[in-house]
Amino acid sequence: MTAFKLQLGLALFLSLNVMAFAFGPITHYHFLCNALKGNKVLQPDCLCSWSDSMSLIGSDLPDGLYFGSFFDGLNCPYNARMFHDPIFSGYLINEAAQSAPSLVNFALGFASHIISDSTGFGPTGYLDSGKDMLNWITKWEFMLSVDSHVYSQILPHCQPSFPTAAATQDAIDLLIRVGEQYRNVSTDFPVFTADQISPCVTGWAAGVNEFYKRSANGMNTAATTMMQLDRFGPKSPEEAVNNYNIAANCGVSAVSYYFQQLLQLKKSPQDAFSATTTYVQSLVCGPS
């Protein structure tokens with residue numbers, strides 16, 4: 001499948017009233033950067049000094065695996081979405097640390113995506129109340145408007161460099177290897193081969209520029225669109241931005257806490273995520 005066809009398919013997909021899982025790629029890059037730098041308050045210029053592209057690729061890839069099957073001709077298996085799993089991401093970090101140190105940042109990015117997504121759901125979650133996780137939760141237009149807002153906050157400081165390459169073959173092999181291990185813990189986790197997952201990875205990378213273009217084009221109206229689509233019903237663009245800031249600080253705090261539990265306290269992926277879930281319940285992750 002050509003990059004043009006994929007980008008066209010992605011453009012059509014984003015034009016539909018389809019529901020998305022959570023935050024967009026630029027927002028995820030911003031979360032990861034701030035979490036790894038230990039920023040207590042989000043710094044808009046964080047990505048200006050960020051040079052590790054593999055960590056950013058990792059921080060967007062869970063959505064590539066989750067949504068890859070939406071595109072005709074991509075041949076991405078539907079159940080690849082099961083990689084979007086917080087416990088799996090902990091095993092991914094641990095395996096990278098043991099057998100593939102050059103991929104640790106990729107694994108950290110992958111986990112950052114999933115942990116920050118998880119903060120958006122719950123009674124006060126920014127994205128949804130979490131009552132029915134089987135339904136798509138927030139419109140793509142909302143996700144893209146948030147990405148546009150984040151982009152607009154970065155640009156006064158620098159022109160950021162967003163990744164356009166796909167995850168490497170070594171990264172794909174790591175995902176497959178950890179999947180084999182993870183089936184010992186989660187017996188319903190599917191059997192995958194690298195050949196099955198590669199189309200998801202390369203296809204998503206080929207189309208991600210469509211996200212960047214749409215985010216750039218929407219900067220001038222981002223806050224107004226956020227106001228219109230925010231489930232908490234803000235009365236002004238400024239209030240909509242404040243709602244996002246609350247959610248963003250919650251997401252970054254959760255990612256930092258998860259990394260601490262897993263890497264510093266050496267907790268198992270299950271216990272690290274359980275502790276993080278409890279921690280998030282103590283935070284303010286959405287407007288009261």
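Okay, let's start with a list. In helix α4, the buried residues are P86, I87, F88, S89, G90, Y91, L92, I93, E95 and A96. That makes ten buried out of 14, so to speak, and α4 counts as mostly covered. Keep in mind that we're looking at a predicted model.

What do the buried residues of α4 pack against? They sit against α5, which is 104-118, α7, which is 169-182, and also α10 and α11.

Helix α4 runs over residues 86-99, and at 1.5 Å a residue its 14 residues should span 20 Å. The C-alpha atoms at its ends are 20 Å apart, so the two agree. And have a look at the N-terminal end of α4: D85 caps it, with a side-chain oxygen 2.8 Å from the backbone nitrogen of I87.

Let's zoom out. The protein chain has eleven helices and two strands. If you read along the sequence, the order is α-β-α-α-α-α-β-α-α-α-α-α-α. There are 288 residues in the protein chain, and 55% of them count as buried. Also, take the contacts with a separation of 6 or more: 75% of those come from residues 24 or more positions apart.

Next, the inside. In soluble globular proteins, nonpolar side chains tend to be buried together. Here, the largest nonpolar core has 85 residues, and the ones with the most contacts inside it are L65, F83, F106 and F110. Helix α10, residues 237-264, gives the most to this core: eleven residues.

Let's pick F110 from that group. Leaving out residues up to four places away in sequence, F110 touches G58, S59, L61, P62, L65, F83, F88, S89, L92 and L175.

Is T276 buried or exposed? T276 is buried, because its relative accessible area is 2%, and the cut-off for buried is under 20%. So where does its polar side chain go? A polar atom of the T276 side chain lies 2.7 Å from the backbone oxygen of A272. Further along the sequence, again skipping residues up to four places away, T276 touches I115, A254, Y257, Y258 and Q261.

That's my tour, thanks!

Technical notes:
Residues are numbered from 1 along each chain as its sequence is written. This is a predicted model: local features need pLDDT of at least 70, side-chain atom pairs count only at pLDDT 80 or more; totals for chains, interfaces and linings use all residues. Side-chain values use heavy atoms; hydrogens and water are left out. Helices (H or I, at least four residues) and strands (E, at least two) are DSSP runs, numbered from the N terminus. Buried means under 20% relative accessible area, exposed over 50%, partly exposed in between (1.4 Å probe, protein chains only). Contact means heavy atoms within 4.5 Å. A nonpolar core is a set of buried Ala, Val, Leu, Ile, Met, Phe, Trp, Tyr and Cys residues joined through side-chain atoms within 4.5 Å. A polar contact is a pair of N or O atoms within 3.5 Å; within protein, one must be able to donate a hydrogen and the other to accept it, and residues adjacent in sequence count only if both atoms are side-chain atoms. The expected span of a helix is 1.5 Å times one less than its number of residues.
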